[in-house]
Amino acid sequence: MTIAPPLADEVVEELVHVLGTEHVHTSKTARMARARVPAPFPVHRWADYVPDLVVTPVTTDEVAEIVRLANRYRIPLVPRDGGTGLTDGARPERRGIVVDVKRMNQIEEIDLDNRTCTVGVGINMLKLNEVLGVHGLIYPDNPASYPCSLVGGRIGTSGWSLVGARFGHSRDLVLSFDMVLPTGDVITVGDGGGRKVTKSSTGYQLKHLFMGHQGTLGIATRATLKLYPKPEAEFSPFWAFEDFDDAYRTLKHLSQAGIATFAGAVLFDEWKVAYLRRDDEAYIPQPGDVRSLVCAVAYGNEDEVRAGGKRLMRIARDNGARYLGDEISEGDWAARHDRYATPLHGRTRDGQVVPMSWHCEDSAISYTELPAVKDKWHAIAARLRERFDAFDDWGMFFYTSGDTGTDFLTEIDIGIWEQRLDDEMWSAWVEAKRDIAAVAVEHGGSISACHGACREGEVDLVPMELGGGYDVMLKVKRALDPNNIMNPGKYGLDRAYEGEVSAR
Amino acid sequence: MKGYRYADEHEPPQAKQVTETTITRFEHVYEVDPDLMTEHVTQQTFPNWDTLRIVHSRHDHLDWMHRHWAGTVISGEQILRELDEP
C-alpha cells in the first residue's frame, strides 16, 4: 500500500479501524482518479488537486466517524457522489480526504403503498429504475448524466432534470434525506420531520438549505424518493426552422400551452445546428436552410400523451415548423444522455479535427432575455477562439425548467482541447466564464440553473447575484462547520472564517 | 453462405460526399471527411463488420432507452396524418 505522505500514519490507522483496510485507498491511481470531474480542468496542474487519500464507507455511522475524525485532525473532507458534476463540487481544492459514496448503493425499501423508495445515495438512477420498472414505477430524475450520476450527486448539486417540467427536479423528487453534518451529528431533513411527506409547514424548510450544498455542509447518506407510474407513452417530436426567430416564438407557444403531459421543450440555435451537422452527422444530417431546431417531449398515459401530442404538433405547424420525421425525432431524444459517453471532437480554425472535451456554461434566464444573452455569450466565445485554437463554440440551447415557460436552462457548449491548456489559456477561460456569468446576472437571471456556480470565474459573482442572501450563506456555513473541514475553498466560503485558523 | 474474406472487410464501400465536411459509406452512417483528420487525429483502420456492429449496437441502445422510460413511443407522423383528417 502506498501511503500518502501528508496524512499521518495515525489518521490512516484510525480510518482503517473504522472502515477496514480495503476501504481506505491511498494508492496514486485511486487518488489521481478523484482529482477532477467533467468540468473544465487545468490538466497541466493536475497534481494540485490530488487528494491525500480516499475512503469508501457504506453506512451513515461510518461517514459520521470519518467526519468526527476529520474534525479532530482538521483535515478537509470532500464528498464524491459519482463525480459527474459540472461545477467542481467534488474537486479537492485543499487535498485532504475524498469520501466516495459509491458503495452506499443499497435499495433499503420500496414502499408500493406510499409510492416512495429509500436508498443509499450512492445508487445510480438508471440502475434504480431497472428495479422499479418491475413494479411499474419510475424515479423520473433525468439528467444528461442519467446512466452514470448518483442520487447523492443530485442532492449535492440540486440537480436539473430533462423532464423536470413534467415531474419536477431533484429538489422536488427527493422527499427527505439523512445528512451527516460537519460536526458528525446526523439529522434527517425533508418537508417537516416526516420522511415521506411532500408538503409540510412545520419549521424552516431545511431540505432546501442542504439541496445544492456542493459538499460544503456535510454528507448526505440516505434518501427517500418520490415515485411515479412508469409512463405508458412517450412523444418526442423534433422540428426544423429556417430562422431562429420562428423557433424562438414556437418555443414560447409550446411551453406556455398548459399541456398536462408536457415534459419539456428545447430550442437549438444556429451555432448548435452547425455543430450538429459537423460533429453529430450520424443523427441530424439537415439541409443548409435549417438554422434552428425545436424539440418537445411528453410523457404519461397513452391517451393523454396522444391528445397533448396533437396539440403540440398543431402549435409547431402553425408557427412554420417542419417535422423531422419519426426516425430522427425518436433517435435524437433517446440519445439525450450521449454527452457523457461519446468521444468528442472539435475543429481548429483551419477545420482540422482535434480531440476536445465538452464544457457547458449554464444559466437560468427568463424567456424575454434569451436572444440578448445568446448574442452576448457567442461574442464572448468568439473572442476566446480568436485568441486560442484550443476553444471551439459548439452552440447554445434553451430548455424549459418548468411548465409555464417562465425561465429556461440556457447553455453554451464550448469544446476545449485540454491537452493544449497552459496558464495563459486557463486564465483566458476563467475570464470568459466570469463574463458569461456576468451577462446572466445583468439580465436578471441566475448564474446556474443546473450545474452549480462554484467554479473559478463564475464563483466571483455569486455574492453579487445573491446579495444579502450570500451573507446568510456565510453565517450558516460558519455555524454548521466551525472548523471549515467540509469542502473548504468552495463558493468563497472561506471568508466566513476570516482571521481564524481552519482546515488547510 | 459467404465466408469471411479479409480483403472485403478492409475495403469500405466507396465514399459519397454529403456535405463539405461529411461523407457516407454505409446507409444512414455519416462520417467526418477523412481530409479533416490528417493532423491531430488520424483515422484507424476498421473492418466493415465492426463499423456496422457499432452502429447496430447504438440502435439497440436507443431502443432500450425508449423501453426503459415508457411502454410505447407515439409516432409524430401518425399524429400529423390525424391532424389532416377531416
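**How exposed, how paired**

Author: Let's start with A:Glu270, which is partly exposed, with a relative accessible area of 28%.

Reader: Why is A:Glu270 called partly exposed?
Author: Buried means under 20% relative accessible area, exposed means over 50%, and partly exposed is in between (1.4 Å probe, protein chains only). A:Glu270 has 28%, so it counts as partly exposed. By the way, this is a predicted model: local features need pLDDT of at least 70 and side-chain atom pairs count only at pLDDT 80 or more, while totals for chains, interfaces and linings use all residues. Side-chain values use heavy atoms, with hydrogens and water left out, residues are numbered from 1 along each chain as its sequence is written, and chains are lettered from A and ligands numbered from 1 in the order in which they are written.

Reader: How do you know that A:Lys374 forms a salt bridge with A:Glu270?
Author: A salt bridge needs a side-chain nitrogen of Lys or Arg within 4 Å of a carboxyl oxygen of Asp or Glu. Here the closest N and O atoms are 3.1 Å apart, so the pair qualifies.

Reader: What does that pair tie together?
Author: A:Lys374 lies in helix H13 (residues 370-387) of chain A and A:Glu270 in helix H10 of chain A, so parts 104 residues apart in sequence are tied together. Helices here are DSSP runs (H or I, at least four residues), strands are runs of E (at least two), and both are numbered from the N terminus.

Reader: Is A:Lys374 buried or exposed?
Author: Its relative accessibility is 4%, so A:Lys374 counts as buried.

Reader: What makes A:Asp423 and A:Arg45 a salt bridge?
Author: Their N to O distance is 3.2 Å, so this pair also meets the rule. A:Asp423 sits in helix H14 (residues 423-442) of chain A and A:Arg45 in the loop between helix H2 (28-32) and E2 of chain A, 378 residues apart.

Reader: Why is helix H12 of chain A called largely enclosed?
Author: Seven of its nine residues (326-334) are buried, so the rest of the structure largely encloses helix H12. Among the buried ones are A:Ile328 and A:Trp333.

Reader: How do you know that E3(A) and strand E4 of chain A pair?
Author: Two strands pair if DSSP finds at least two bridges between them. E3(A) and E4 (residues 97-100) have four bridges, in the parallel sense, so they pair. One detail is that A:Arg80 stands opposite A:Asp100 in E4(A).
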